[in-house]
Amino acid sequence: MTAPANPALLVTGARPYGEEPQDLLISEGRIAAVGTEADGQAEQLRAQGTEVETIEAEGQIALPGLVDLHTHLREPGREDAETVATGSRAAALGGFTAVHAMANSSPVADTAGVVEQVHRLGLDAGYTEVYPVGAVTVGLAGEKLAELGAMAESSAQVRMFSDDGHCVHNPVLMRRALEYVKAFDGFIAQHAQEPALTGWDTDTPAQMNEGCVSAELGLPGWPAVAEEAIIARDVLLAQHVGSRLHICHVSTQGSVEIIRWAKERDIDVTAEVTPHHLILTDELVRSYDPVYKVNPPLRTEADVHALRAGLADGTIDVIGTDHAPHPTEAKECEWSQAAMGMTGLETALSVVQMTMVETGLIDWRRVAEITSAKPAEIYRHAHQGRPLAAGEAANLILLNPEASRTVDPAQHASKGRNSPFRGMELPGQVRTTVLNGRAVVREGALV
Amino acid sequence: MRHLLSTADLSREDALSILDTAEEMSGVSAREVKKLPTLRGRTVVNLFFEDSTRTRISFEAAAKRLSADVMNFSAKGSSVSKGESLKDTVQTLEAIGADAVVMRHWASGAAAQLAASDWTDCAVVNAGDGTHEHPTQALLDALTLRRRWHAAHHGPDQSPRGTDLSGMKVLIVGDILHSRVARSNIWLLNTLGAEVGLVAPATLLPVGVETWPVTVHYSFDEALAPDSAGRTPDAAMMLRVQAERMVGGGFFPTAAEYTRRWGLTDERLATLERLRLGETDCPAMLLHPGPMNRGVEVSSAAADSPLNHALDQVSHGVSVRMAVLHLLLTGADDS
């Protein structure tokens, strides 16, 4: 006995990339046909006795499935905060057909064993593809390279390495890491934060953006220069050794300028911005509500606008959620004691729509690039981030851009309730997520 | 006013109401029987997550003079040191029957978080939160300044009620960056119409200070000299320089260099002694929130000088805290 195959799906009336409506036929894990041909082929399939489900999607936008290069799934070790299964469900609801799970689990994902475990848990969950990110250094300690080759050769086939949460601040170690991963076409994703400038490993670590607001609130500041100095150093290192560098969660105007400078010199650097840095500012910290505590911290209005402009003009390549779920008690405490991080998988696309599309900065084609095509290209995925065209792997979503919802973290599939968008009215809703030809979200709910 | 959390969000009207009520309360403290019945049956909890005997006994004296029951809860040696959350601690106090929580906390924003939470209905008085604010200290400083300023201009028998600090020029000297006292004073002095000058090395001023309603001086000597309008400061408020800033903090090279450049040395005391309150013949003022580091931010001669109002500040502290508790717990406005 074999399990029954997934039914074929005929999507009618959806607008690929927000353009003219075209029907889409999905069969055997692939986009079988687009346009009038889709209807013809659907008829043929039915005539052959194959089940074809119709998804009526008038008014909805079809986009390639989202790919997140920056997700914290917390498993193994902090299953009270999130598991691969709950995070996968959140991802599917947010329209993600692939997520990349950062290495700061417990134990750290610095061995083949841990990355294989995470990868397998993702397959078991089955709601999105889960790619573990390997740690650059053993235990994220910044002292000694982890067995990057073993992780690359493991069944998880790791290509992305990051000590995210910690900066690889030793310049020699960073150089060696950049060089070493060339052997398997890997890349290093840097969490750019000069530790000494942010009081790391002291009694008074930085708590928020350093500026007018931190001055008034009496919270130790996290200066923009602590991010920019590392990015400047690392683009020069990447140029020197000819390696691929990805900058995680760019948060400042100065960082955008340095990355623009590097790209003009053909340095192989890519950059990511989080949805929250595209909309929220450090003014929110005046409430001392730890839901707004995140690393890098929320910056200023000027930074928000520079990040949007950088994302629109291609200086910034991708959206990365930095989805960072935490249990309630980690946020229901004094600001300086609270954990850093925000959930983001289930709100990311809405924030992009609100800040980038509805402002007229970009169209849906560009949305597909920054949320799907480009992150997939950076990882070298062959079947994610592909165009909505016949013959391509069927990883795609249908979005109702007219929908509007008030964010209620209690309704989220993520275990984390720490959404900074709580109570905000956000546009757009993912109605359908198709993962390798199978609908994992229908009518905005998990299947 | 439901809570007293900061001076940044204190209106001029509320600030004057507290100061005027404090003037009334000073009268009580001068009486043989130093007690009013206004808070009989009410319970005030002093919740101290950080040691501060001075501030705690000042609040304790204030509450007792208003006939309130006082409970002192020190986080050291309590369940808090065993990892109990602020939420659970406060809910416990609420269940015991507290009406007001006077909280000193090492975390900036703790009082604001408590007031914004649904953990308690108590009135919250911020008795110092991290490096954010210490509003009752600023209010007692303002009470001290206002008395002298008003008496210098209108004679000692006129009540300063209803007046502010318009025309006054106050220097705050020292570690502004880490000082909750400085932050509270800057906002309150500004609200009350005084001009504020900050005197400190740039390492002890926050990035962002350029947006504050103050004049910044890197040189104490320049700050004591007449400005372009020929005016000199009326008061210098010396902040305590904490030892940990000196040892390995890297904020300034040595204690001796700090003292030479930013301390109230005997030479600068001589300058201060020549200064007058506005156009009057009354001497300028020296304030210190205490405890003083003699020989560091103030010389011994400065500490013992008649210009020094540190002890007035202490006694005014009780009056101001009586006023705050009275206004918050009775909803009364005596002005």
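Let me begin with a salt bridge in chain B of this predicted model: the side chains of B:Arg147 and B:Glu23 meet with N and O 3.0 Å apart. B:Arg147 lies in helix H5, residues 135–154, and B:Glu23 lies in helix H1, so the pair ties together parts of chain B that are 124 residues apart in sequence. As for accessibility, B:Arg147 counts as partly exposed, at 29%, whereas B:Glu23 counts as buried because its value, 14%, falls under 20%.

Chain B is divided into domain 1, which comprises 12–133 and 315–330, and domain 2, which comprises 135–313. Between the C-alpha centres of the two domains there are 26 Å. Domain 1 of chain B brings 30 residues to the contact, and domain 2 of chain B brings 31 residues.

How much area is buried between the two domains of chain B? The figure is about 2,500 Å², and carbon and sulfur atoms give 55% of it. On the side of domain 1, the residues that lose the most area to domain 2 are B:Glu23, B:Glu133 and B:His316; together they account for 26% of what that side buries.

Between the two domains, the count of residue pairs in polar contact is 19. On the side of domain 1 that touches domain 2, at least two residues each come from helix H1 (12–30), helix H2 (53–65), strand S3 (100–105), strand S4 (123–129) and helix H12 (310–330). H1 of chain B gives the most to that side, with ten residues.

I turn next to the annotated positions. Which residues of chain B does the UniProt annotation "binding site" cover? According to that unreviewed entry, they are B:Lys82, B:Arg180 and B:Arg240.

B:Arg180 lies in helix H6 of chain B, residues 180–191, and is buried, with a relative accessible area of 15%. Its contacts beyond four places in sequence include B:Glu50, B:Arg104 and B:His105, and also B:Asp129, B:His132, B:Glu133 and B:His134.

B:Arg240 lies in a loop of chain B, between strand S8 (235–238) and helix H8 (243–246). Is B:Arg240 buried or partly exposed? With a relative accessible area of 32%, B:Arg240 is partly exposed. Beyond its neighbours within four places in sequence, B:Arg240 is in contact with B:Asp175, B:His288, B:Pro291, B:Met292, B:Asn293 and B:Glu297. With B:Pro291 there is a specific approach: the side chain of B:Arg240 reaches the backbone oxygen of B:Pro291 at 3.0 Å.

Now to the interface between the chains. Here 19 residues of chain B are in contact with 16 residues of chain A. The two chains bury about 1,400 Å² between them, 57% of it on carbon and sulfur atoms. On the side of chain B, B:Ser108, B:Gln113 and B:Val207 lose the most area to chain A, together 31% of what that side buries.

Across this interface one salt bridge is found. A:Glu332 and B:Lys87 meet through their side chains in a salt bridge, at 2.9 Å from N to O. The count of residue pairs in polar contact between chain B and chain A is nine. Helix H3 (86–96), helix H4 (110–116) and H6 of chain B each supply at least two residues of the side that touches chain A. H6 is also the helix in which B:Arg180 lies.

I close with salt bridges elsewhere; over all chains the count comes to 36. In chain A, the side chains of A:Arg176 and A:Glu179 meet at 3.6 Å, N to O. Both residues lie in helix H5 of chain A, residues 171–180, three residues apart, which is about one turn of the helix. A:Arg176 is partly exposed, at 42%, and A:Glu179 is partly exposed, at 26%.

In chain B, B:Glu195 forms a salt bridge with B:Arg231, the closest N and O atoms being 2.8 Å apart. This pair links distant parts of the chain, 36 residues apart: B:Glu195 in strand S6 and B:Arg231 in the loop between helix H7 and S8.

Methods: Residues numbered from 1 in each chain as written. Chains lettered and ligands numbered in written order. Predicted model: local features only at pLDDT ≥ 70, side-chain atom pairs only at ≥ 80, totals over all residues. Heavy atoms only, no water. UniProt positions renumbered as here; feature names shortened; annotations may be inferred. Helix = DSSP H or I, 4+ residues; strand = E, 2+ residues; numbered from the N terminus. Buried < 20%, exposed > 50% of the residue type's maximum accessible area, 1.4 Å probe, protein only. Contact = heavy atoms within 4.5 Å. Polar contact = N/O pair within 3.5 Å; in protein donor to acceptor, adjacent residues only side chain to side chain. Domains from an automatic or database assignment. Buried area = accessible area lost by both parts, 1.4 Å probe. Salt bridge = Lys/Arg side-chain N within 4 Å of Asp/Glu carboxyl O.
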